[in-house]
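Have the sequence and the fold side by side before reading on. The walk below starts with charged side chains and ends with packed helices.

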Amino acid sequence: MLIGELSRRTGVSHRLLRYYEEQGLLVSRRDCNGYRTFGDDAVTTVRQIRALLAAGLSTQVIGKMLPCANGELPELDMCPTVVAEIRRELAEMDDRIDTLRERRGTLAGYLTIDTIDA
């Protein structure tokens, strides 16, 4: 299928599809006319990419995990690479959450009772 059809079937813009291809997440081939063509499995791949992006993963991490993804949700085979990446991502998220909590506490500390009532 051409990129326009893939875009229509997935709801993902041409620009993002080309970006996924540049990142090595999506594979196309070129016809003799130079147009990108994608296999039927590209729809599932794009949906997997979108789901993993929604989980907060970067395209770099997704590239490592995509070979272990099955189905559109996706389900992930818990191979050692996937387990290690998920654990690393969770640790980084926990660090960001802790930092945000500290910053929130600092900002809240600037408010006084009088300021809150105003």
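Which two side chains meet in a salt bridge with an N to O distance of 2.9 Å? They are those of Arg-88 and Glu-85. The model is a predicted one, and every distance here is computed from it.

Start with the placement of that pair. Arg-88 and Glu-85 both belong to helix 5, three residues apart, so about one helical turn separates them. An α-helix has 3.6 residues a turn, so residues three or four places apart point the same way. Arg-88 is partly exposed at 32% relative accessibility. Glu-85 has 9% and counts as buried, because the cut-off for buried is under 20%.

Glu-85 has another partner. Its side chain also meets that of Lys-64 in a salt bridge, at 3.4 Å from N to O. This link leaves the helix. Lys-64 sits in helix 4 (residues 59–65) and Glu-85 in helix 5 (residues 80–110), so the bridge ties together parts 21 residues apart in sequence. Lys-64 is partly exposed, with a relative accessible area of 41%.

Glu-89 forms a salt bridge with Arg-88, and their closest N and O atoms are 3.1 Å apart. Glu-89 is buried, at 8% relative accessibility. Now put the pieces together. Lys-64, Glu-85, Arg-88, Glu-89 and Glu-92 form a network linked by salt bridges. The count of salt bridges for the model comes to seven.

Turn next to the helices. Two packed helices are described by the angle between their axes and the distance between the axes. Apply that to helix 2 (residues 14–22) and helix 3 (residues 42–54): their axes come within 12 Å and cross at roughly 90°. That makes helix 2 roughly perpendicular to helix 3, because angles of 65 to 115 degrees fall in that class. Helix 2 brings Leu-16, Leu-17 and Tyr-20 to the contact, while helix 3 brings Val-46, Ile-49, Arg-50 and Leu-53. By class, the contact has six nonpolar residues, one charged residue and no polar ones.

Stay with helix 3. Its 13 residues should span 18 Å at 1.5 Å a residue, and its end C-alpha atoms are 18 Å apart, which agrees. Which of its residues are buried? They are Ala-42, Val-43, Thr-45, Val-46, Gln-48, Ile-49 and Leu-52. These buried residues pack against helix 1 (3–10), helix 2, helix 4, strand 3 (69–70) and strand 4 (75–76). Just after helix 3, Gly-56 takes a positive phi of about 95°.

Leu-53 lies in helix 3 and is partly exposed, with a relative accessible area of 27%. What does Leu-53 touch, leaving out residues up to four places away in sequence? Its contacts are Tyr-20, Thr-59 and Ile-62. Tyr-20 is the helix 2 residue already named in the crossing. For a sense of distance, take Ser-7: Leu-53 is 46 residues from Ser-7 in sequence and 17 Å from it in space, C-alpha to C-alpha.

Notes: Residues are numbered from 1 along each chain as its sequence is written. This is a predicted model: local features need pLDDT of at least 70, side-chain atom pairs count only at pLDDT 80 or more; totals for chains, interfaces and linings use all residues. Side-chain values use heavy atoms; hydrogens and water are left out. Axes are lines fitted to C-alpha atoms, for helices over the stretch in contact, and angles run from 0 to 180 degrees between N-to-C directions. Helices (H or I, at least four residues) and strands (E, at least two) are DSSP runs, numbered from the N terminus. Angles under 35 degrees count as roughly parallel, over 145 as roughly antiparallel, 65 to 115 as roughly perpendicular and the rest as oblique. Contact means heavy atoms within 4.5 Å. Ala, Val, Leu, Ile, Met, Phe, Trp, Tyr, Cys and Pro count as nonpolar, Asp, Glu, Lys and Arg as charged, and the others, Gly among them, as polar. A salt bridge is a side-chain nitrogen of Lys or Arg within 4 Å of a carboxyl oxygen of Asp or Glu. Buried means under 20% relative accessible area, exposed over 50%, partly exposed in between (1.4 Å probe, protein chains only). The expected span of a helix is 1.5 Å times one less than its number of residues.
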